[in-house]
Amino acid sequence: MESIVVQAPSGAYNINFGPEIWQQVEELAKGYDQALVVSDKNVAPLYGDRLPFPIYTLEPGEETKNIQTIAEMVDEWAERGLGRYSLVIALGGGVVGDLVGLTASVYRRGIAYVQIPTTLVAQVDSGVGGKTGVNTPRGKNLVGTFYQPWGVYIDPSVLSTLPEREITNGLGEILKYGVIQDPALFQVVQEHISDFYDVDLRIVGPAIRRCLEIKGDIVGADELDEQGVRRILNHGHTFGHAIEKATGFKRHNHGEAVLMGMLLEARLSHLLGMLPSAVLQEIEGALFRVRLDYSFEHLDKDEVFSALHEDKKNRASKISFILPREIGRVEEVLLSAGEVEKYWNEVIRP
Ligand SMILES: NC(=O)c1ccc[n+]([C@@H]2O[C@H](COP(=O)([O-])OP(=O)(O)OC[C@H]3O[C@@H](n4cnc5c(N)ncnc54)[C@H](O)[C@@H]3O)[C@@H](O)[C@H]2O)c1
Ligand SMILES: [Zn+2]
């Protein structure tokens with residue numbers, strides 16, 4: 001299958017698709033003095049043996065995404081003799097990808113790495129774009145770098161072993177791509193939600209590809225998130241992040257919070273007179289087809305607003321929202337907390 005080229009200013013790279021990627025990575029590794037796979041304890045037993053390289057496994061889960069793991073990984077890589085001309089292969093979800101990307105960017109001032117994303121979230125989002133990061137007790141992704149992978153290799157068939165909740169998680173970002181940029185993608189996905197849960201590759205494969213074309217273009221235009229182009233990817237994320245934070249990052253995973261955020265932001269857009277009610281209904285219809293409980297009564301409003309106040313996208317003490325105007329087109333709106341508060345009861349209605 002044809003690859004997608006990401007034209008990042010710091011260097012172009014390919015996103016490759018299909019069952020042949022394992023062979024392609026093996027070939028690529030021949031050009032390096034050694035290769036190491038980094039994965040986690042769920043993914044390694046399932047897919048580790050598809051690559052003939054030593055494998056280093058991390059504990060699965062967001063708790064592993066911290067500075068301590070970076071330090072351990074640096075020691076491990078040094079002990080194994082990885083040098084300037086070694087290749088590291090990130091095989092796993094966003095946690096593995098973000099950790100490997102960050103470590104690769106600083107280890108010996110930067111070594112080569114590729115991504116083999118294995119979750120829906122990682123295949124449509126975190127595996128591409130070069131944002132790396134770890135969490136500290138003071139914040140999510142507080143420490144990170146921009147460091148593009150040498151290549152991204154996607155085999156959508158690995159999604160068949162994902163738990164249902166991880167499909168929901170990925171659907172958040174996929175529907176987001178539809179709302180921000182692609183009505184056709186939005187239509188296909190909303191009509192085929194259950195095919196995502198069944199991992200029907202005839203539907204899921206092309207949808208992943210389309211998401212990556214969109215993300216690849218945006219990253220090419222605004223690699224370092226400076227020009228505002230990349231900002232549209234934050235649709236659903238202003239309320240989404242606030243919901244994650246207000247619930248201590250425990251109750252909802254990121255994609256679930258983004259789905260909830262998309263619902264609230266679509267309603268907000270409608271209340272501000274920016275989105276016709278027919279389009280709001282269409283967006284709501286699609287979101288409600290995803291297997292997620294959209295209830296908001298557990299949220300503490302003060303916690304949500306204090307998180308909104310601290311949002312890193314805020315400018316001139318206003319909160320930045322990327323709101324839909326129609327399916328396929330969004331617009332940034334800056335609102336004061338007071339303005340948002342006025343609509344709170346209305347946006348969280350059942
Ligand atoms: N860098 C970016 O641009 C970017 C974008 C979005 C999210 N992220 C980050 O990504 C992380 C979330 O990533 P995620 O949602 O992939 O979570 P994850 O990496 O924690 O994976 C979710 C779970 O699925 C398991 N798993 C992975 N692949 C599997 C497979 N094929 N079969 C069975 N189980 C499998 C993992 O072991 C884990 O338990 C967050 O830390 C987030 O900050 C980064
Ligand atoms: Zn996101």
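Student: At what angle do α6 and helix α11 (residues 254-271) pack, and how far apart are their axes?

Tutor: In this predicted model, the angle is about 40 degrees and the axes are 6 Å apart. Axes are lines fitted to C-alpha atoms, for helices over the stretch in contact, and angles run from 0 to 180 degrees between N-to-C directions. Helices are DSSP runs of H or I with at least four residues, strands are runs of E with at least two, and both are numbered from the N terminus.

Student: Why are α6 and α11 called oblique to each other?

Tutor: Angles under 35 degrees count as roughly parallel, over 145 as roughly antiparallel, 65 to 115 as roughly perpendicular, and the rest as oblique. The angle of about 40 degrees falls in the rest, and α6 and α11 are therefore oblique.

Student: Which residues make the contact of α6 with α11?

Tutor: Residues are in contact if their C-beta atoms, placed from the backbone, lie within 7 Å. Among those in α6 are Thr 168, Leu 171 and Val 179, and those in α11 include His 254, Val 258 and Met 262.

Student: What makes a residue in that contact nonpolar, polar or charged?

Tutor: Ala, Val, Leu, Ile, Met, Phe, Trp, Tyr, Cys and Pro count as nonpolar, Asp, Glu, Lys and Arg as charged, and the others, Gly among them, as polar. The contact of α6 with α11 has six nonpolar, six polar and three charged residues.

Student: How does α6 pack with helix α7 (residues 183-191)?

Tutor: The angle is about 140 degrees and the axes are 6 Å apart. Ile 174 and Tyr 177 are among the α6 residues that meet α7, where Phe 186 and Val 189 are among the partners.

Student: Why is ligand 1 said to lie between domain 1 (4-160) and domain 2 (163-350)?

Tutor: Both domains give residues to the shell around ligand 1, so the ligand lies between them. The domain bounds come from an automatic or database domain assignment.

Student: Which residues come nearest to ligand 1?

Tutor: Of the 29 residues around the ligand, Asn 42, Gly 93, Gly 94, Thr 119 and Ser 126 come nearest; a residue is near if its C-beta atom, placed from the backbone, lies within 6 Å. α2 (43-47), α4 (94-106), α5 and α6 (164-181) each give two or more residues to the shell.

Student: How are the labels and limits set?

Tutor: Residues are numbered from 1 along each chain as its sequence is written, while chains are lettered from A and ligands numbered from 1 in the order in which they are written. Local features need pLDDT of at least 70, side-chain atom pairs count only at pLDDT 80 or more, and totals for chains, interfaces and linings use all residues.

How values were computed:
Two residues are in contact if their C-beta atoms, placed from the backbone, lie within 7 Å.
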